[in-house]
Amino acid sequence: MEFPLLSLIVFTPVVGAAVLMLLRSDDAVRWTALGVTVIDLLSCVAMLAGFDTTTHEMQFTETRLWVPALGITYALGIDGISAPFVFLTALLGLICVLASWVAIDHKVKSFMVSLLVMQALMLGVFCALDLFLFYVFWEAMLIPMYLIIGIWGGEGRVYAAFKFFLYTLAGSLLFLIGVIVLYFHGGETFDILALTAQDLPFRVQSWLFIAFLIAFAVKVPMVPVHTWLPDAHVQAPTAGSIILAGVLLKMGAYGFLRFSLPMLPEASVYYSTPMLWLSALAIVYGGLLALAQDDLKKLVAYSSISHMGFVTLGIFALNLRGLEGAILQMFNHGVTTGALFLFVGLIYERTHTRSIADYGGLMKAAPIYTTFLALFTLSSMALPGTNSFVGELLVLSGGFAANLAAGVAAVLGALLGAAYLLGMYRKVALGPASVGARFKIRDVNTREMVAILPLAVLVVWIGLYPKPFLNIIDASVKHLLTQVHKGSGQ
Amino acid sequence: MSIRPLLAVAVAGLAAFAILLLNNREKLRDVVSPLAAVAMFAIVASMAPTVLAGGTVDLRLFEILPGIDFAFRVDALGMVFATVSSLLWIVAAIYSIGYMRHLNEHAQTRFFACFATSLAAAVGGAFAANLFTLVIFYEILSLVTYPLVYHHEDEEGWRGSRKYLVYLMGASKSVLLAALALTYHIAGSLDFMAGGLLSRVDASAPMLTVVYFCYLFGFAKAAVMPMHAWLPAAMVAPTPVSALLHAVAVVKMGVFCVLRVVFHVFGTGLVDGLGLGIATAYLVSFTILMASVYALTRDDLKARLAYSTVSQLSYILLGAVLLSPVAMVGGIIHIAAHAFSKITLFFCAGSIYCASGKRNISDMAGIGRRLPWTMGAFFVGSLSMIGVPPTGGFVSKWYLAWGSVEAGEIAFLIVLLASSVLNAAYFLPVSYVAFFGTEAQESPATVIREIPLMTIPLVATAVLSLSMGIFPDYFLTLAEGVVR
């Protein structure tokens, strides 16, 4: 038995949360939470260092019997598709603690406990190789997220938390039904790898695809089941938004990659064209909605819908560039939009307004803040040289290969992205300096800088030298493609 | 492998960094730009012998995506652009100091830092070995020139700079992005190749035609109508910016990109085979004539110069798309000829403004007697724009005219001649009024005289315009190297 690195990664935050319960002072809670997330992140770095990029096989696997009667096991493992997101979750976990340092000023202990438990569950989702285990992590995530939005959120927090809960739960129920159907059709096993090897009849695949689609589409979110997202984002505290945008939205796309494509290849190919159109719709519609926003946080929230449209477009292009671009874009979106929500939080802490019209001329008052905001804004609009451009180029190149018209629609979305993001930046950072007079603005401090810098480094690094990241996902994506093509008889 | 292409870019990048660090030490800060300019020119010039002999200087840094590297390759076409930009940066750096000090402008550190970064981007683009690397520098150039356009931070500045960004970013995030993704999809690479990257792949003619026009309009810096409106709007920038960036570095980056697409992405054979050459020639001919007509109607000197630039940029493209070797040579050397003359004209406009506060041509009656050097240089620049021997403009126009005859396209010969007449019609009256017009009564307090830090650079560029007409060999050799 190897050293159980993945169990360590998944359960370090749980142990940390237990320790937090024993502490009294808020400061001790904060520092301990920070320490826990640092340890977790370092474990993930160790994991990536030991990651073998030449194989698509699951790595760092652990298997223990859990409920033998039902064939349920405790099985963890990662491949090139999940590894980037394990790392991203741990990184954003650390940034969430830093972002909540002063922003959360009541029930600090409960908040940090929720945050750490949330992190453990998210890591569990990406590592689980047993469908039942996956489902447990997947559903359990709802609880801490509900608490984070419902207790520490803004004025409409209860409504937003409830809406989030209901939408996701409704999706999850269909997922549960799908899991049960899969269990009985796939030889009464919950082993994800074994289920992947099944050759299900097309009719079954088709129904399962639709059930999974609804479950995952709510998470992504795809139009028209996206309406919970802006509410949840606007009401959530900064850390909640970072988790939502950075990790939770990735889970839907991850579901497509882990379940829909390899388990239901025939249905995936069959439904790929409507999926491309739904993606193009999300890209354009999300972009138009973002263009109409006056609230900074809503703008970033709606932009996520558009950006996740690029991800699903790449996935259902069902070719190498599209898939690699989609996974890279998932990671990029986590980094960039996570950073943008962090920046929205930073400015909200200082001004207590999120209305874009209230800002202006921030460049003069806070040059460091606005410089980094520029970097992440440009990354979000996928300027050449930043991380998102590489992903966008891959997705579009794959998208054009799959469906020319959907590709053209996506380009229109890219143009909208430039419009609302540059417009936002111009109104916030440039123009006459009215902010200095009305609000007391201080530039970023060291703690905030520590949170910003790793994300900034990733933006430029992936923008210019994405090879190490693409190497990680490459073998698994190629394997996934052969699964899809073999299964669909192409 | 040689590190020199990267060094040339880095020198300007580091200069920008140094300028930021020396924020509070004005004298020291102001020395950085001219020094960096000289260093950059020296590095560029050191690669000239290799390129003139038909070789290239290569530097492959690392792989970005399969088929796409971050790489530099100094060839003849890049050398033309890099020589012109780095050489003119030396004079523009000195001129800028004179201009900014004289007007006591605000935010000078930001100004000089952005200026230096623009040059890094321009030369980086000139040396880029593939579309990906080129586009990175292209976008950096858009971004760092944006603060230079809104420099005055007044209502006019915000409005002009907004238009600037909307056009440039809008074009690159829509049609240019589509063109890049399609090219990568079709060819699996974005490398520049002799004879054309896309000429080796199997793709349908309608698809290639769409990609071609996406590039032509996506590189909005080339200012082909209707993507030209950002250029007059950018005239709200301080004059040194209009001079070096919006007459040389930025706009030439645009036409340079289009030339790259015609020569090294499509290849002249493919452009000809698809029948795109003549179609583009008509499009740019329209731009040449329309922009000249616009220029005629502008009284603001800088606006007139801006429309003249729109018109002249299309000369360069016309030469390229006529696809006859002689016309292509004419188009390429017009990059240099137009740069030397147009920067002179802008320098003069700035000098007039600093000395007298005048911007409108109708107010400039008699100013030539007060500013003889400035208006003398202006006259030389005008002659070159019109194409009168022995100026640089004559050489390029001669090749363009000869090329259109060689291509058997007499219509474009007529366009060239008609636009020359228009050039004369909107430039010569300026000189005439300045030297022979009757001066309006000024209050005796206004003393209008030459400002040495500005006059010396503008005389230097006027001399460059002339000497390019007398010794065009350097640029001709390079241009023939591109066409060969």
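Which residues have the most contacts inside the largest nonpolar core? In this predicted model, local features need pLDDT of at least 70 and side-chain atom pairs count only at pLDDT 80 or more, while totals for chains, interfaces and linings use all residues. Residues are numbered from 1 along each chain as its sequence is written, and chains are lettered from A in the order in which they are written.

The residues in question are Val86(A), Met40(B) and Val80(B), in a core of 398 residues. A nonpolar core is a set of buried Ala, Val, Leu, Ile, Met, Phe, Trp, Tyr and Cys residues joined through C-beta atoms within 7 Å; buried means that 20 or more other C-beta atoms lie within 10 Å of the residue's own, with C-beta atoms placed from the backbone. Beyond its neighbours within four places in sequence, Met40(B) is in contact (C-beta atoms, placed from the backbone, within 7 Å) with residues including Trp89(B), Leu119(B) and Val123(B).

The contact between the chains takes 21 residues from chain A and 23 residues from chain B. On the side of chain B, H6(B) gives the largest share, 14 residues; helices are DSSP runs of H or I with at least four residues, numbered from the N terminus. This side has 16 nonpolar, 3 polar and 4 charged residues, where Ala, Val, Leu, Ile, Met, Phe, Trp, Tyr, Cys and Pro count as nonpolar, Asp, Glu, Lys and Arg as charged, and the others, Gly among them, as polar.

The predictor gives the complex an ipTM of 0.89 and a pTM of 0.92. Chain B averages a pLDDT (the predictor's confidence in each residue, from 0 to 100) of 90.

How values were computed. A residue is buried if 20 or more other C-beta atoms lie within 10 Å of its own, exposed if 12 or fewer, and partly exposed in between; C-beta atoms are placed from the backbone. Two residues are in contact if their C-beta atoms, placed from the backbone, lie within 7 Å. Helices (H or I, at least four residues) and strands (E, at least two) are DSSP runs, numbered from the N terminus.
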